[in-house]
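Here is a short note for someone opening this model for the first time. Please keep the structure in view while reading.

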Amino acid sequence: MTALTLSTSAAPGLRADAIVIGVAKGAKGPVVAPGAEAVNEAYDGKLAGVLETLGASGAEGELTKLPSPAGFKAPLVIAVGLGAEPEDRDYPAEALRKAAGVAARALTGAKKAAFALPVEDAAAVGAIAEGVLLGAYSFDTYKDNGKDPKAKNGKAPLAEAALLGGKPRDAAHKAAAARATAVSEELNRARDLINTPPNDLTPAIFAGIAQEAAKEHGIKIQVLDDKALTKGGYGGILGVGGGSAATPRLVKLSYTHAKADKHLAFVGKGITYDSGGISLKPAGHNETMKCDMSGAAAVFAAVVAAARLGLEVNVTGWLALAENMPSGSAVRPGDVLRMYSGKTVEVLNTDAEGRLVLADALWAASAEKPDAIVDVATLTGAMMLALGSRTFGVMANDDAFRSTVHEAAEEVGEPAWPMPLPEHLRKGMDSATADIANMGERMGGGLVAGLFLREFVGEGITWAHLDIAGPAFNEGGPFGYTPKGGTGSAVRTLVRLAELTAAGDLG
Ligand code: BES
Ligand code: MN
Ligand code: ZN
């Protein structure tokens with residue numbers, strides 16, 4: 001990953017491939033953002049005009065390249081749009097994150113770049129650092145053209161980023177950069193897992209990767225394999241995983257802090273590949289289904305990040321890992337599963353598998369009586385239809401907690417929106433044979449799935465459900481600090497929730 005430094009160097013003397021500056025949308029055209037004073041001076045104070053001549057407006061996502069002024073060691077200036085100029089010139093964190101990400105993407109293949117974006121405070125340092133580290137991400141593990149896997153075809157991500165204006169001796173600045181580094185490294189690891197093809201990321205392999213990370217970061221880990229799952233009666237996970245030659249796993253990661261007095265549980269849907277099972281998905285709907293373990297990847301990343309940050313809170317992560325495949329041993333539409341909670345579920349559609357593995361993991365998480373449970377899942381196509389491909393839905397059994405989760409998401413730059421759990425949709429899942437069916441009314445399918453999950457949350461436990469089916473995997477082109485493919489959606493929201501809980505701000 002890109003190496004990050006805070007630097008007090010002046011822009012002109014800095015040896016780098018490029019200097020990144022910010023340009024905002026002012027009332028009368030583009031304005032040069034704070035941080036770029038030296039560049040502007042070297043342009044005789046006429047940089048805004050130069051940028052306007054080149055067609056720059058300061059709009060978000062915009063990128064303009066211009067040659068450095070005389071006397072600068074770096075040959076290139078990259079001006080990135082920050083959107084509307086704020087009245088107090090205090091740029092929103094997300095504008096900084098996106099602009100830094102746009103620049104970092106354009107700097108693929110470069111050795112070093114200096115970022116001279118507006119740094120008002122430590123929060124800005126953190127936002128720029130995150131934008132750089134997340135924007136520079138690329139997944140090229142398999143781009144070796146059949147040759148030496150070390151001789152990559154793809155250009156390497158930006159090797160080194162110096163944040164000008166970030167004070168290396170300021171404790172708050174240093175902490176913000178360290179936090180951004182830990183969170184971004186783990187988030188990028190989640191992206192790697194999501195992007196890894198399903199033949200190379202089975203439940204057992206995923207569990208093995210979690211074991212290594214747990215060892216490295218002092219996290220307790222317990223892995224239940226198919227034998228242990230059978231013994232324990234995890235009918236949901238076993239039912240879904242039964243059709244695959246790659247057997248399922250339930251992974252429990254426990255990060256504890258000696259001074260913690262709160263306990264959060266995160267539960268992730270980890271379908272390493274979702275073919276739909278016997279209710280097979282048609283071609284056109286299964287090519288990206290390696291992304292169906294994005295929830296588990298997010299939970300994994302968040303627990304490791306919490307450990308690396310040493311947060312004063314206990315966090316348990318549950319990864320419900322299975323591959324949903326059709327075969328002679330696969331669960332059939334019409335089968336009844338006895339779940340870990342003891343409830344019976346009539347499987348009417350084997351493609352509604354996420355809720356089955358989550359049900360077992362939610363019940364297992366509930367047994368520890370955490371202060372709150374948050375599950376994360378690429379659960380329904382319906383949520384994508386409702387909220388589009390960049391926003392995740394937040395459902396909960398507690399209005400205040402749903403608002404807390406929603407606000408945490410917005411705060412870290414993850415678009416989210418509250419969704420209801422309408423009681424009248426519950427009866428659509430009534431089953432003639434079992435306690436409940438795994439499908440209900442088609443309309444409001446995302447909410448139906450949420451209502452199903454609610455049945456497997458222990459009595460009296462605060463719970464929220466994030467349906468990240470839309471934002472988990474970016475099928476379009478990259479934007480801001482979001483790459484094509486796995487995005488790492490929900491990682492930053494979960495980390496923020498852990499921080500808020502540690503600070504005693506979770507209500
Ligand atoms: N993994 C899918 C949901 C999904 C779809 C995620 C598209 C990301 C992109 C999930 O397991 C699924 O197949 N859900 C079904 C449920 C239905 C059968 C009740 C769906 O949404 O169609
Ligand atoms: Mn499915
Ligand atoms: Zn699925």
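The points below go through the metal sites, the ligand, the strands and some loop residues.

1. Ground rules. This is a predicted model, in which local features need pLDDT of at least 70, side-chain atom pairs count only at pLDDT 80 or more, and totals for chains, interfaces and linings use all residues. Residues are numbered from 1 along each chain as its sequence is written, chains are lettered from A and ligands numbered from 1 in the order in which they are written, and side-chain values use heavy atoms, with hydrogens and water left out.

2. The manganese site. Which residues hold the manganese ion (ligand 2)? Its protein donors are Asp 274 (OD), Asp 351 (O), Asp 351 (OD) and Glu 353 (OE). They lie 2.1 to 2.2 Å from the ion. Donors are N, O and S atoms within 2.8 Å of the metal (3.2 Å for Na, K and Ca); water is not among the atoms, so sites may look incomplete. In sequence the donor residues follow the spacing D-x76-D-x1-E.

3. Geometry at manganese. The six donor atoms of the manganese ion (ligand 2) make angles of 70 to 169 degrees, and the site is irregular. On the cut-offs, four donors count as tetrahedral if all angles lie between 85 and 135 degrees. Four count as square planar and six as octahedral if opposite donors are over 155 degrees apart and all others between 65 and 115; anything else is irregular.

4. The zinc site. The zinc ion (ligand 3) is coordinated by Lys 269 (NZ), Asp 274 (OD), Asp 292 (OD) and Glu 353 (OE), at 2.0 to 2.4 Å. Along the chain these residues are spaced K-x4-D-x17-D-x60-E. Why is this arrangement octahedral? Because the six donor atoms around the zinc ion (ligand 3) subtend angles of 78 to 174 degrees. Lys 269 lies in strand S10 and Glu 353 in the loop between S13 and H10, so this pair ties together parts that are 84 residues apart in sequence. Helices (H or I, at least four residues) and strands (E, at least two) are DSSP runs, numbered from the N terminus.

5. Asp 274 bridges the zinc ion (ligand 3) and the manganese ion (ligand 2), which lie 3.1 Å apart. Is Asp 274 buried or exposed? Asp 274 is buried, with a relative accessible area of 3%. Lys 269 and Glu 353 are buried too. Asp 351 is partly exposed, at 23%. Buried means under 20% relative accessible area, exposed over 50%, and partly exposed in between (1.4 Å probe, protein chains only).

6. Ligand 1. How many residues surround ligand 1? There are 17, and the closest are Lys 281, Asp 292, Asp 351, Glu 353 and Gly 381. Being near a molecule or strand takes a heavy atom within 4 Å of it. An N or O atom in the side chain of Asp 292 is 2.8 Å from a nitrogen atom of ligand 1. A polar side-chain atom of Asp 351 lies 2.8 Å from an oxygen atom of the ligand. A polar backbone atom of Thr 378 is 3.4 Å from a nitrogen atom of ligand 1. Taken alone, ligand 1 exposes 520 Å², and the protein buries 79% of that.

7. Strand S10. Twelve of the twelve residues of S10 are buried. Eleven bridges join S10 to strand S11 (residues 314-324), and the two run parallel. Gly 268 stands opposite Leu 319 in S11.

8. The open sheet. Three strands form an open sheet with mixed pairing, in the order S12-S13-S17. Strand S12 (336-338) and strand S17 (436-437) stand at the edges with a single partner strand each, so one side of each has no neighbour in the sheet. S13 and S17 run parallel and are joined by two bridges. Two strands pair if DSSP finds at least two bridges between them.

9. Loop residues to check. Most residues other than glycine have a negative phi. Asp 44 has a positive phi, near 60 degrees. Asp 44 is found in the loop between helix H1 (37-42) and helix H2 (47-53), and is exposed, with a relative accessible area of 61%. Phi of Arg 89 is also positive, near 60 degrees. Arg 89 sits in the loop between strand S5 (76-84) and helix H3 (93-106), and is partly exposed, at 39%.

How values were computed:
A polar contact is a pair of N or O atoms within 3.5 Å; within protein, one must be able to donate a hydrogen and the other to accept it, and residues adjacent in sequence count only if both atoms are side-chain atoms. Accessible areas come from the Shrake-Rupley method with a 1.4 Å probe; for residues, only the protein chains shown count as cover.
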